[in-house]
Amino acid sequence: MRIGELARRTAVSERSLRYYEEQGLLAARRTGGGHREFTESAVDRVIHIQELFAAGLSSRTIADVLPCMRDCDGGPAAVATPSLVETLLGERARIDARIAQLASSREVLDEVIEAASGA
């Protein structure tokens, strides 16, 4: 499929897809005319890339993680290196801290809502 179709199917801009390719996150083959062509599995790959970016991972970390994920379901594939495991444990700790901050903010909002509602 061409880049426009991949963009439509994943709701990701063509510019972002070109960036993913530039960063080594996404592979495309080139036609004789120089157009990018992606396989069907690129749809799942782009969705996983988006999920990892949404979790706050950098493109460098994502490049390290992607070979350890199956495109079809995001499950684990190859064994991660100890260095990657250490990096991912740090990322998980950062996400856990952010979740705790968000939960605290939600509690404050709930208190304000309760007070403002006269309950």
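Is Phe 53 buried, partly exposed or exposed? Select Phe 53 and you have a partly exposed residue, at 28% relative accessibility, where buried means under 20% relative accessible area, exposed over 50% and partly exposed in between, with a 1.4 Å probe and protein chains only.

Before moving on, bear in mind that this is a predicted model, in which local features need pLDDT of at least 70 and side-chain atom pairs count only at pLDDT 80 or more, while totals for chains, interfaces and linings use all residues. Residues are numbered from 1 along each chain as its sequence is written, and side-chain values use heavy atoms, with hydrogens and water left out.

Tyr 20 and Phe 53 form a stacked one, with 5.8 Å centre to centre and 25° between the planes. Tyr 20 lies in helix H2 (residues 14-22) and Phe 53 in helix H3 (residues 41-54), so the pair ties together parts that are 33 residues apart in sequence. Helices are DSSP runs of H or I with at least four residues, strands are runs of E with at least two, and both are numbered from the N terminus.

Finally, go to Glu 111 in helix H5 (residues 82-117), which is exposed with a relative accessible area of 54%.

Definitions and conventions
Rings of Phe, Tyr and Trp (its six-membered ring) pair if their centres lie within 6.5 Å; planes under 30 degrees apart count as stacked, over 60 as edge-to-face and the rest as tilted.
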